[in-house]
Amino acid sequence: MKAPLRVTLVVAFALSAFAVVAQNTGQAVNVASGGKQYASYVSAPAGTGQKPAILLIHSFNGLEQGYKDMADKIAAQGFVVLAVGWQTFEKSPTDATVGQLVKDGMAFLKARPDVDPARIGLTGFCAGGRYTMLFLPAMPDFAAGVAFYGFPTNGGSAAQPVKPIDEIPQLQRPLLMIHGSADQASPIGNIYQYATALQSAGKYFELKVYQGLPHGFMVQNGQLWTTDQGVDALNQMVSFFKRMLK
């Protein structure tokens, strides 16, 4: 029996708990990978005991303040969040370079006493959305993934040899995709193609489509988007991880 498909088309939602601005609880950290120190950001909730964690891969525009604010908001919901600065040394590193950084970022999280190593999720935005689609099947230590406006059919070059859509057979973890219907950089048709392939392969996924939203809507001009739809999208991600990282 094939896995269920959940698709929701959204116009706008009311503000929820994320409407309250979270206190900045994060700090700059370095993640060692490939003999280099990648400038990154970690944010963690208060309290004792092991907690679920999320590794966040920022967009092609860099580790902007909006992603740090997002990490703080997610941390306020009970997650340890590590945003890895994958462009510290190169604007367009190879998939192999980023993949190793993601693995080392996971090791960084697992080494923390406040992280439950069995409950680590992966999320990414734009290029980070593609990385989420690409690495979730290849790195089974991640328990779930959320890809914001990713690129499921990009690949086939020396630097990016593999297309995420070709990795579907290896996918074993639940995936949520969040996308805008007016995305010109990553057309919604490619996402529907990817979703159809996931459904045909019997993989569990959820898809959230926001009517009329463009590419990169979560962080605009370096700042976290805090409209009704931006807040709802963040809630969708956190809700998914809360359900999947039990």
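Does Cys126 count as buried or exposed, and at what relative accessibility? Some notes on that and a few other spots; keep in mind that this is a predicted model.

1. Cys126 first. Its relative accessibility is 13%, so Cys126 counts as buried, because the cut-off for buried is under 20%. You'll find Cys126 in the loop between β6 and α3.

2. The backbone at Cys126 deserves a look as well. Phi there is near 60 degrees, which is positive in a residue other than glycine. For context, most residues other than glycine have a negative phi.

3. Tyr149 is another case of this kind: it isn't a glycine, yet it has a positive phi of about 35 degrees. Tyr149 sits in the loop between β7 (144–148) and β8 (175–180). With a relative accessibility of 0%, Tyr149 counts as buried.

4. Now for helix α2, which runs over residues 95–110 and has 16 residues. From first C-alpha to last, α2 reaches 22 Å, close to the 22 Å expected at 1.5 Å a residue.

5. Which residues of α2 are buried? They are Asp95, Val98, Gly99, Leu101, Val102, Gly105, Met106 and Leu109. These cover an arc of only 160 degrees around the axis, which puts them on the same side of α2.

6. What do the buried residues of α2 pack against? On the strand side, their partners are β2 (26–33), β3 (36–43), β4 (51–57), β5 (80–84) and β6 (115–125). Helix α3 (127–138) is also one of the elements they pack against.

Terms used. Residues are numbered from 1 along each chain as its sequence is written. This is a predicted model: local features need pLDDT of at least 70, side-chain atom pairs count only at pLDDT 80 or more; totals for chains, interfaces and linings use all residues. Side-chain values use heavy atoms; hydrogens and water are left out. Helices (H or I, at least four residues) and strands (E, at least two) are DSSP runs, numbered from the N terminus. The expected span of a helix is 1.5 Å times one less than its number of residues. Buried means under 20% relative accessible area, exposed over 50%, partly exposed in between (1.4 Å probe, protein chains only). The arc is that of the directions from the helix axis to the C-beta atoms. Contact means heavy atoms within 4.5 Å.
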